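Colleague: I am new to this structure and would like to learn how to read its features one at a time. Please give me the general idea each time, and then the case at hand.

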Amino acid sequence: MELWFTEKQTDHVGITLKTQRTLMRQESQYQEVAVIDTKQFDRVLLLDGVIQTTIGDEFVYHEMIAHVPLNTHPNPRRVAVIGGGDGGSIREIVKHDSVEKAVLVEIDEQVIKASRQYLPELSSGLDDERVEVLITDGIAHIQASKNTYDVIIIDSTDPVGPAVGLFTEEFYGHVFEALTDEGIMVAQTESPFYEPELVHRTFSRISANFPITRLYLAHIPSYPSGMWSFTLGSKVCDPLAIDGNDLHALDTRYYTPDVHKAAFCLPKFVQKLVTP
Ligand code: SPD
């Protein structure tokens, strides 16, 4: 018998993965946490039936959400990840020697437990001695942190349920205050192809708080449309102004100095979403 998992990515489109077995499935306090084993993408973390990350293509997302801001900041020492309980973003952050402290703020401990058991390729970074894991609400943590972090990465789920508050203008204002003088934030901001209004709205909300706001793209095959956006807000440093020769050599599979620059070259319909 063949087993197939389908995520309905829109009301009219789904992605279907041939599945070998369900490795775990559990209701946490916040959501259904599951890990399935698929033919194409290997193990896949699902939250409420939505693909969060897959062993097959996670490197694209985690390298791009981490290295673009960390290589834009002149000396990132303290970094926070809001969400991201699978540990993939932290794994990339601790590749930077300048980082002294990386704080993972995840509301759902079950996500971390599932990742530690079934996705060790991602969660391994959590064991780095510079990492602190806080099981708490990211919004409250950011609100309580003033002038604390050089880089804040918002590695959230889609903007439904508990993640809605991570996409508000008010929250980005608190992120600004939680950042140090040359601070930079990045948020995952969904698919410009399927969610143009959301991308436009989120960009406007970040740019209402940050003098430099830039959107960049990466290709993530398991996410809706494959075209994925990240929005970076910065107090001082412009990710487009960095000299590729100054970028640190990193052990990566997707991110390079050329990709760093190219990711900000936007197709015309995406450029329109971020043009006032
Ligand atoms: N449509 C799903 C988007 C999920 C983005 N966050 C994934 C978290 C991976 N660390």
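Modeller: Let us start with exposure: a residue is buried under 20% relative accessible area, exposed over 50% and partly exposed in between, with a 1.4 Å probe and protein chains only. Gln 143, with a relative accessible area of 39%, is therefore partly exposed. Please keep in mind that this is a predicted model, in which local features need pLDDT of at least 70 and side-chain atom pairs count only at pLDDT 80 or more, while totals for chains, interfaces and linings use all residues. Residues are numbered from 1 along each chain as its sequence is written, and side-chain values use heavy atoms, with hydrogens and water left out.

Colleague: In which helix is Gln 143 found?

Modeller: Helices (H or I, at least four residues) and strands (E, at least two) are DSSP runs, numbered from the N terminus. Gln 143 belongs to helix H5, which covers residues 138-144.

Colleague: Which residues surround the ligand?

Modeller: A residue is near a molecule if one of its heavy atoms lies within 4 Å of it. Here the residues around the ligand include Val 50, Ile 51, Gln 52, Tyr 61, His 62, Asp 86, Ser 156 and Trp 228.

Colleague: Which residues have polar atoms 3.1 Å, 2.6 Å and 2.8 Å from a nitrogen atom of the ligand?

Modeller: A polar contact is a pair of N or O atoms within 3.5 Å; within protein, one must be able to donate a hydrogen and the other to accept it, and residues adjacent in sequence count only if both atoms are side-chain atoms. An N or O atom in the side chain of Tyr 61 is 3.1 Å from a nitrogen atom of the ligand, and a polar side-chain atom of Asp 86 is 2.6 Å from a ligand nitrogen. Ser 156 takes part through its backbone, where a polar atom lies 2.8 Å from a nitrogen atom of the ligand. Of the 340 Å² of accessible area that the ligand has on its own, the protein covers 98%, as computed by the Shrake-Rupley method with a 1.4 Å probe.

Colleague: What kind of space does the ligand take, and which elements give two or more residues to the shell around it?

Modeller: On a 1 Å grid over the protein atoms alone, a pocket is an open set of points with protein on both sides within 12 Å along at least five of seven lines, and a molecule sits in it if more than half of its atoms lie within 2 Å of its grid points. The space taken by the ligand is the largest pocket. Strand E5 (50-54) and helix H1 (58-72) each give two or more residues to the shell around the ligand, and E5 gives the most, with three.

Colleague: What lies in the loop between strand E11 (212-219) and strand E12 (227-234)?

Modeller: Ser 225 lies there, and this residue has a positive phi of about 70° although it is not a glycine. Ser 225 is partly exposed, because its relative accessible area is 32%. Asn 147, in the loop between H5 and strand E9 (149-155), also has a positive phi, of about 50°, and is not a glycine. In strand E11 itself we find Thr 213, whose side chain reaches the backbone oxygen of Phe 210 at 3.3 Å.

Colleague: How many disulfides does a search of the whole structure find?

Modeller: A disulfide is a pair of cysteine sulfur atoms within 2.5 Å. The search of the whole structure finds zero. As for individual cysteines, Cys 237 counts as buried because its relative accessibility is 12%, whereas Cys 265 is exposed because its relative accessible area is 59%.

Terms used:
On a 1 Å grid over the protein atoms alone, a cavity is a set of points where a 1.4 Å probe fits but cannot get out, and a pocket is an open set with protein on both sides within 12 Å along at least five of seven lines; lining residues have an atom within 4 Å of a point.
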